[in-house]
Amino acid sequence: MTFTEVDGGTHVRWTTRAEIPVPLLGTFLTRHLARPVITRTFRNILDVADSALTQRPQS
């Protein structure tokens, strides 16, 4: 994770590496199966966090 100060907050860059250790097919499986699942999961987490942080308080 790297953090960079920007106007109004902090820019966070989160880099994740994954590899499916299967001979011959590992690279293909990582790229076409694991990567989309990891990407979708992180995107969902960030969307929920964004919603929670930007909700207006209930009156």
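Author: We take strands, pockets, a ring pair and one threonine in turn. Keep in mind that this is a predicted model.

Reader: Start with the strands. In which sense do β1 and β2 pair, and over how many bridges?

Author: First the general idea. In a regular strand the side chains alternate between the two faces of the sheet. Now this case. Strand β1, residues 2-6, pairs with β2 in the antiparallel sense, over five bridges.

Reader: How many residues lie between β1 and β2 in the hairpin?

Author: Two residues lie between them. Look at Gly8 in that turn: its phi is positive, about 80°.

Reader: On to pockets. What volume does the largest pocket have?

Author: Rolling a probe the size of a water molecule over the atoms shows where empty space is left. Here the largest pocket holds about 420 Å³ of space. Its lining counts 14 residues. Nearest its centre are Val12, Trp14, Phe42, Arg43 and Leu46.

Reader: Which element gives the largest share of that lining?

Author: Helix α1 does, with eight residues. Two elements give two or more residues to the lining: β2 (9-13) and α1 (26-54). By class, the lining has eight nonpolar, three polar and three charged residues.

Reader: And the second largest pocket: which residues line it?

Author: Among them are Thr16, Arg17, Thr30, Arg31 and Thr39. The volume of this second largest pocket is about 210 Å³. Its lining has three nonpolar, four polar and three charged residues.

Reader: Now the rings. How many aromatic pairs does the structure hold?

Author: A pair of aromatic rings is described by the distance of the centres and the angle of the planes. This structure holds one such pair.

Reader: Why does Phe42 count as partly exposed?

Author: Its relative accessibility is 27%, so Phe42 counts as partly exposed.

Reader: Last, Thr30. Is Thr30 buried or exposed?

Author: Thr30 counts as buried because its relative accessibility is 13%. This residue lies in helix α1. Check its side chain too: one of its polar atoms lies 2.8 Å from the backbone oxygen of Gly26. Thr30 also belongs to the lining of the second largest pocket.

Notes: Residues numbered from 1 in each chain as written. Predicted model: local features only at pLDDT ≥ 70, side-chain atom pairs only at ≥ 80, totals over all residues. Heavy atoms only, no water. 1 Å grid on protein atoms, 1.4 Å probe; cavity = no way out; pocket = protein on both sides within 12 Å on 5 of 7 lines; lining within 4 Å. Points joined across faces, edges and corners; volume = space filled by probe spheres on them. Helix = DSSP H or I, 4+ residues; strand = E, 2+ residues; numbered from the N terminus. Nonpolar A, V, L, I, M, F, W, Y, C, P; charged D, E, K, R; others polar. Pairing = 2+ DSSP bridges. Phe/Tyr/Trp six-rings, centres within 6.5 Å; stacked < 30°, edge-to-face > 60°. Buried < 20%, exposed > 50% of the residue type's maximum accessible area, 1.4 Å probe, protein only. Polar contact = N/O pair within 3.5 Å; in protein donor to acceptor, adjacent residues only side chain to side chain.
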